[in-house]
2 protein chains.
Amino acid sequence: MADQTPGNEFDLIARHFAPLARAEPGAFGLTDDAAVLAVPEGRALVATTDTMVAGVHFLADLPAEAVGARLLRVNLSDLASMGAMPAAYVVSLSFPRDLSATERDDWAAGFARGLSADQDVFGVTLVGGDSVSAPGPLSLTLTAFGWIEPGREMRRSGAHDGELVYVSGTIGDAALGLEAERGNLQELAPEHRAALIDRFRRPVPRLQAGQGLVGIASAAADISDGLVADLGHICEASGVAAEIEVPSVPFSDAARAALAGHPELLEPMLTGGDDYELVFTAPKDARDAVAKVAVETGVPLTPIGTISRPASGEHGRVRVIGADGRDVAFAAGGYRHF
Amino acid sequence: MADQTPGNEFDLIARHFAPLARAEPGAFGLTDDAAVLAVPEGRALVATTDTMVAGVHFLADLPAEAVGARLLRVNLSDLASMGAMPAAYVVSLSFPRDLSATERDDWAAGFARGLSADQDVFGVTLVGGDSVSAPGPLSLTLTAFGWIEPGREMRRSGAHDGELVYVSGTIGDAALGLEAERGNLQELAPEHRAALIDRFRRPVPRLQAGQGLVGIASAAADISDGLVADLGHICEASGVAAEIEVPSVPFSDAARAALAGHPELLEPMLTGGDDYELVFTAPKDARDAVAKVAVETGVPLTPIGTISRPASGEHGRVRVIGADGRDVAFAAGGYRHF
């Protein structure tokens, strides 16, 4: 009975989103009140949710495909940091009321293309959602589901004095990519600018590395608030402190090129969010096991510092030590100046 | 490391929302990247999501407690319509940027009180969420999780020719409650006005009735778009048509009082949404089984019509037959005029 003009909610869902749900019979073609998902034998449910608003969490002119990819990947990164296997997601869209039916339909088509491409890459399926029109900017909420063996999840709270701090991939690219999106860093080679923008738009959730680190890492988080802040969250939850050495932090070629011209970019690179790499801790004698995960997944896992016993009142503190051996002090980014 | 001024996101979550997560160890006090929930042996996951925006889905001055209760109950109603047992939920809040920190804190406190009271009533626990500030009105997205024996869920698609159509509770109170919220229906007795407003603000998800109807009902939905439209969804998904008789539709005393003065209110009562009662179908020989569920749960389950074979091109059609035996024609509400 849904009216068939483009832009009608039922039509929008049927045309753009129902195809994304085809692989999961329990999604019922998005026509029922809820989805029903089989749970793999002996697994617990892992669930996470994130909201993104145009103009707040991404530039308002970011293409719809990129918004879809980014929203899904950011949520999958939370599953990765627990070591979970992703399975499915639901998504809710709030469209600005002043969009025309055609604009809304075009945007939904692009957004669904972005999601669809990533469903194949990451092995997840849309199983439900909601769509509303409201005053205000475009706003999107995605809730992702995954599975894990009960009790095996990586938490933020397991880091111990003397363990090594690792990161996956390279750090700071997304903060530089955002600069490039804003029209800065014009002096960089085009391929470097493009690489940084891609890292911001399409973060890579480290799902296989996360699953591989289960039983090896003592604590883990994904880098959404910035390396220093997210390592700080691990330290706080674990009642420890940490030191990281800037010369050990892995940077991409593009980031090194940017840093060469703008050494002051070190701060946003280490304190800006959006890398969606893993930061984790592991005992020193797990070094070979970590290296094996890196080889098997093709994701660099680099030791960048150590966990220490906190001085009184300083648990959660992250010291950043520069190439000259002196503490680097940042103004912002969750880093407490001392 | 979170700054401790009221209104800071970490502080907001720690003060108002972490207490709601205490009963579930796998929520990790809302301090980790995702929640981990044990799955009861032999159960499938049921998931549903709904977004509500101030000024669109509820009046902008609705008290925060009522918004919390309504948002949670609307989602639980979707679980009820599948026959699922509710377990947990995640909630995402987008606050208007122009709220002061104190206003935001006060609102969050009230919203959390509304959720907290209902957690106890319905046996669910907050396990995660997100909080952002953005231009535009207050916007909330809740995703609810429940469990069901695989394959036992009630769908919209199982209704057959000759079966009876039932509804739970009473119909139309919420549409009248919204009228009363808008300042209309002033001539009603205060207790009737209050009863109708309460039905709009605090819909009662029919969880026990839904669970009781598993294996008895052939198809089910909750009434969120209006009785006629949601029965139409069942008919469309099942490839059938339906006839309902107005004299059989259960109305509350307050609704009867409103109808007596305003017979034209019959249309919003039958086509307005928000009742969050169940509409379902069952074979005629299941009458006693349905009656037993009604007695056991204390929820009236009333036959209001029958499922019929659709004439060519008319599957999904719902005929509404008045006290005079003639078809009632409505202008709107998913009802196709003929």
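Visitor: How many residues of chain A are in contact with chain B, and how many of chain B with chain A?
Guide: This is a predicted model, in which local features need pLDDT of at least 70, side-chain atom pairs count only at pLDDT 80 or more, and totals for chains, interfaces and linings use all residues. Residues are numbered from 1 along each chain as its sequence is written, while chains are lettered from A and ligands numbered from 1 in the order in which they are written. If two residues are taken to be in contact when their C-beta atoms, placed from the backbone, lie within 7 Å, the count for chain A is 56 and that for chain B is 56.

Visitor: Which element gives the most to the side of chain A that touches chain B?
Guide: Helices (H or I, at least four residues) and strands (E, at least two) are DSSP runs, numbered from the N terminus. The elements that give two or more residues to this side include H2, strand S3 (85-96), strand S4 (125-134) and helix H7 (227-238) of chain A. With nine residues, the element that gives the most is S2(A).

Visitor: Which strand of chain B do three bridges join to S2(A)?
Guide: Two strands count as paired if DSSP finds at least two bridges between them. Here the two strands run antiparallel, and A:Ala47 has B:Ala35 as its bridge partner. The strand joined to S2(A) is S1(B), residues 35-37.

Visitor: What is the strand order of the open sheet of five strands?
Guide: The sheet has mixed pairing, and its edge strands, S4 of chain A and S1 of chain B, each pair on one side only. Within the sheet, nine bridges join S3(A) to S5(A), which run antiparallel, and A:Met85 stands opposite A:Trp147 in S5(A). The order is S4(A)-S3(A)-S5(A)-S2(A)-S1(B).

Visitor: Which element gives the most to the side of domain 1 of chain A that touches domain 2 of chain A?
Guide: The bounds, which come from an automatic or database domain assignment, are 9-148 for domain 1 and 164-321 for domain 2 of chain A. The C-alpha centres of these domains lie 27 Å apart, and 16 residues of domain 1 are in contact with 16 residues of domain 2. On the domain 1 side, the element that gives the most, with 11 residues, is H2(A).

Visitor: How are H2(B) and H3(B) oriented to each other?
Guide: Axes are lines fitted to C-alpha atoms, for helices over the stretch in contact, and angles run from 0 to 180 degrees between N-to-C directions. Helix H2 (residues 64-82) and helix H3 (residues 101-122) of chain B pack at about 40°, with their axes 6 Å apart. Angles under 35 degrees count as roughly parallel, over 145 as roughly antiparallel, 65 to 115 as roughly perpendicular and the rest as oblique. H2(B) and H3(B) are therefore oblique.
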